[in-house]
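Student: Could you walk me through this structure, one question at a time?

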Amino acid sequence: MRWGDMRGSGNVEDRESVSAGGLGGGFKLGGVGLIAVLAISWFLGLNPLDVLVSLQGGDAPSAPTQSAPPPSGSAPGARDETKDFVARVLGDTEDTWSAIFRKGGREYRPPKLVLFRGGVDSACGTASSAMGPFYCPSDDKVYLDRSFFEDLSRRFGAPGDFARAYVIAHEVGHHVQNQLGITQKVAQQRRGASEARSNALSVRVELQADCLAGVWGHYAGQRNLLDPGDVEAGLSAAAAIGDDRLQQQSRGRVSPESFTHGSSAQRVRWFRAGLESGDVNQCNTFETARP
Ligand SMILES: [Zn+2]
């Protein structure tokens, strides 16, 4: 992936140097913040599906015309390649989603991305690196643990850049869902639902984020930012993090009713749907009988 040609975002927050203890004293919004977000979006009465349809644009988003200086913040002399990579992929998602939202007559407000190591405080609570990357809808931030990211790189090896970018684009996909009011709708539906129903909804949310990551990948490809083999690497990354494969690896058996992210085949299917079409309307995992 030609990530060096992508525009670096200024929305990366580096918390590497802040100790977890130093953050501990801050107040936590926790559930209250989430409830406030839910209430606001619910009040707006957005139908997520209508919003997705309204985002339908016949044309591809235009290539970004602006160029920005490389991301700042690294110590002088020491190149922080992880941060540089993350900032550029994030910047590319900003360009893609801004263009798609603009076509739908809306404004895209990009998320912040917090790069951390070990543990981190978010408006959704305190997270450890064991949780993996996540998106917090209460503060509109993507949280990415450096060690997870470096592990991923080692696991997939070269050409693993696109697989790492897919992780960022998936979390940004959750931010897109949040901006469209989908996150709040689903949270409402999950409240009081059975565990099986709640898990099934979670799978649809996650598969949609995969598809939205694919939509980003589609436009990265159109802008000639992908190398041969990148798409295949991304698809095998999607397969590698399917619930069935992860459960098989950790427990030696698979229980589909406990899936929260979807099987390998589902994740590949939806990532591919976005990648091949570049169309958010192909990402309607909620109106498909069997996603
Ligand atoms: Zn997710």
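Student: Is His170 buried or exposed?
Tutor: This is a predicted model, where local features need pLDDT of at least 70, side-chain atom pairs count only at pLDDT 80 or more, and totals for chains, interfaces and linings use all residues. Residues are numbered from 1 along each chain as its sequence is written, and side-chain values use heavy atoms, with hydrogens and water left out. Buried means under 20% relative accessible area, exposed over 50%, and partly exposed in between, using a 1.4 Å probe and protein chains only. The relative accessible area of His170 is 6%, so His170 is buried.

Student: Which residues are the protein donors of the zinc ion?
Tutor: Donors are N, O and S atoms within 2.8 Å of the metal (3.2 Å for Na, K and Ca); water is not among the atoms, so sites may look incomplete. Here the protein donors lie 1.9 to 2.1 Å from the zinc ion. In sequence, the donor residues follow the spacing H-x3-H-x31-E. They are His170 (NE2), His174 (NE2) and Glu206 (OE).

Student: Which helix holds both His170 and His174?
Tutor: Helices (H or I, at least four residues) and strands (E, at least two) are DSSP runs, numbered from the N terminus. His170 and His174 are four residues apart, about one turn of the helix. His174 is buried too, because its relative accessible area is 10%. The helix that holds both is α6.

Student: At what angle do α6 and helix α7 cross?
Tutor: Axes are lines fitted to C-alpha atoms, for helices over the stretch in contact, and angles run from 0 to 180 degrees between N-to-C directions. The axes of α6 and α7 (residues 182-190) come within 5 Å and cross at roughly 80°. Angles under 35 degrees count as roughly parallel, over 145 as roughly antiparallel, 65 to 115 as roughly perpendicular and the rest as oblique. So α6 is roughly perpendicular to α7, the crossing angle being roughly 80°.

Student: Which residues make that contact of α6 with α7?
Tutor: Contact means heavy atoms within 4.5 Å. From α6 come His174, Gln177 and Asn178. From α7 come Ile182, Thr183 and Gln184.

Student: How far apart are the axes of α6 and helix α11?
Tutor: α6 packs against α11 (residues 264-277) at an angle of about 85°, which makes the two roughly perpendicular. Phe162, Tyr166 and His170 of α6 meet Arg267, Phe271 and Leu275 of α11. The axes are 13 Å apart.

Student: What is the order of the strands in the open sheet?
Tutor: Two strands pair if DSSP finds at least two bridges between them. The sheet has four strands with mixed pairing, and its edge strands, β1 (12-14) and β5 (134-136), each pair on one side only. β1 and β2 (residues 112-116) run parallel and are joined by three bridges. The order is β1-β2-β6-β5.

Student: Which strands does helix α6 touch?
Tutor: Helix α6 (residues 161-179) packs on the sheet, and its direction makes about 25° with that of β5. The strands touched are β2, β5 and β6.

Student: Where does Asn224 lie?
Tutor: Asn224 has a positive phi of about 60° although it is not a glycine. With a relative accessible area of 52%, Asn224 is exposed. Its place is the loop between α8 (195-222) and α9 (230-240).
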